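Please look over the structure below and follow how its surface, its pockets and its aromatic rings can be described in turn.

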Amino acid sequence: MITDRIEEIKAYIHVSKYLDIQILRPYIDTAISERVRPLVGEVIWEKLSDVSFVMPRKAEIYEGVKKAVANYAIAYSIPFVKMHLSSTGANAYQDNKMERSPWWDVRDYGLNAVRIGDHALNGAVALLSTSSLGAELPFAREVAGSLFGSPRELSALYSIGDSYEIFLRLLPLMRDIWELYIAPQLSPCVLSDIRGDETALALLKKIVGYYTLADAVFMQGLTYTTSGIVLQWEQLPWQKSMLLSDTQLKALKVGFLERAQGYRDLLLQYIKAHPALFPCYQGEPLVLREPVAKKSGLYF
């Protein structure tokens, strides 16, 4: 994936040409094993690495994966080699002299590398999902059974950076919310009845999406910032100015719940007002229980 030349790293992120590629080798391997392979799977990984394998847009997908690996590798390496990244450590230029970079510059450098890596990898996975290899993605079946077909659809409600990693963490919450709360209350109507109508489906997605976002506010491994949800990166603590306080998080949770409940009411009104579109509806009152919001999650 990445050869033994520092020039390949430099093509995707600014580092010194004197940085020893062998220093980065363990972090390149970590980036591949911890970030890329879990998303694309072994079968697709082997095909992307096989120069004889041909498919439409393979070069674009391969380029995205390489860009992600290069940026992730640098972020993983920071606690060990620091920056301005060269073989001698981390430095910054000031008045034409070299000096050690302040920790916040190192942190911001790493966080930007993570963001660039996320964007590149998510773009590559999105292309794979619509390619001939889409069915071979490890999460393909799970996503196919979800109301949301991609992280971009959920990002339309609240930014998750189009992240497949975040999206896959939220899918179990979506499934629980549908199965334990919404489905029993919409009975005898089932999901296929709702899917058949665009308006009802759009409302249902918003209901499930906002309840899921509310339930995930205090979920371990996710961080809510001023710009959306991000994965925690333990090597690079998030800027305090970007983090939401407990008060802000509670307010955000309440806001998500209010939106979910508002769209829930609209869905029920729509189903009752269009019985011809929903043969499953036989005039019984469709009343959904109100969830109880606690710090540890939603309770129905």
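The protein exposes about 15,100 Å² of surface, and carbon and sulfur atoms supply 54% of that area. The model behind this value is a predicted one. Of the 300 residues in the protein, 51% are buried, and the chain is arranged into ten helices and six strands. Among contacts between residues at least 6 apart in sequence, 66% join residues that are at least 24 apart.

The largest pocket has a volume of about 530 Å³. It is lined by 27 residues, of which Asp118, His119, Asn122, Gly161 and Asp162 are the closest to its centre. The elements that give two or more residues to this lining are α4 (103-129), α6 (151-155), α7 (164-186) and β4 (228-231), and α4 gives the most, with nine residues. The second largest pocket holds about 210 Å³ of space, and the residues that line this pocket include Glu142, Leu171, Trp178 and Val208. Here α7 gives the most to the lining, with five residues.

The aromatic rings are the last topic. A pair of aromatic rings is described by the distance of the centres and the angle of the planes. The structure holds nine aromatic pairs. In one of them, the ring centres of tyrosine 72 and tryptophan 233 are 6.1 Å apart and the planes meet at 15 degrees, so this pair counts as stacked, the cut-off for stacking being planes under 30 degrees apart. Because tyrosine 72 lies in helix α3 (residues 58-81) and tryptophan 233 in the loop between β4 and α10 (246-273), the pair ties together parts that are 161 residues apart in sequence. Tyrosine 72 counts as buried, with 1% relative accessibility, and tryptophan 233 also counts as buried, with 4%.

Tyrosine 210 and tyrosine 263 form another stacked pair, with 6.1 Å from centre to centre and 5 degrees between the planes. Since tyrosine 210 belongs to helix α9 (residues 198-215) and tyrosine 263 to helix α10, this pair ties together parts that are 53 residues apart in sequence.

How values were computed
Residues are numbered from 1 along each chain as its sequence is written. This is a predicted model: local features need pLDDT of at least 70, side-chain atom pairs count only at pLDDT 80 or more; totals for chains, interfaces and linings use all residues. Side-chain values use heavy atoms; hydrogens and water are left out. On a 1 Å grid over the protein atoms alone, a cavity is a set of points where a 1.4 Å probe fits but cannot get out, and a pocket is an open set with protein on both sides within 12 Å along at least five of seven lines; lining residues have an atom within 4 Å of a point. Grid points are joined across faces, edges and corners, and a volume is the space filled by probe spheres set on the points. Helices (H or I, at least four residues) and strands (E, at least two) are DSSP runs, numbered from the N terminus. Buried means under 20% relative accessible area, exposed over 50%, partly exposed in between (1.4 Å probe, protein chains only). Contact means heavy atoms within 4.5 Å. Accessible areas come from the Shrake-Rupley method with a 1.4 Å probe; for residues, only the protein chains shown count as cover. Rings of Phe, Tyr and Trp (its six-membered ring) pair if their centres lie within 6.5 Å; planes under 30 degrees apart count as stacked, over 60 as edge-to-face and the rest as tilted.
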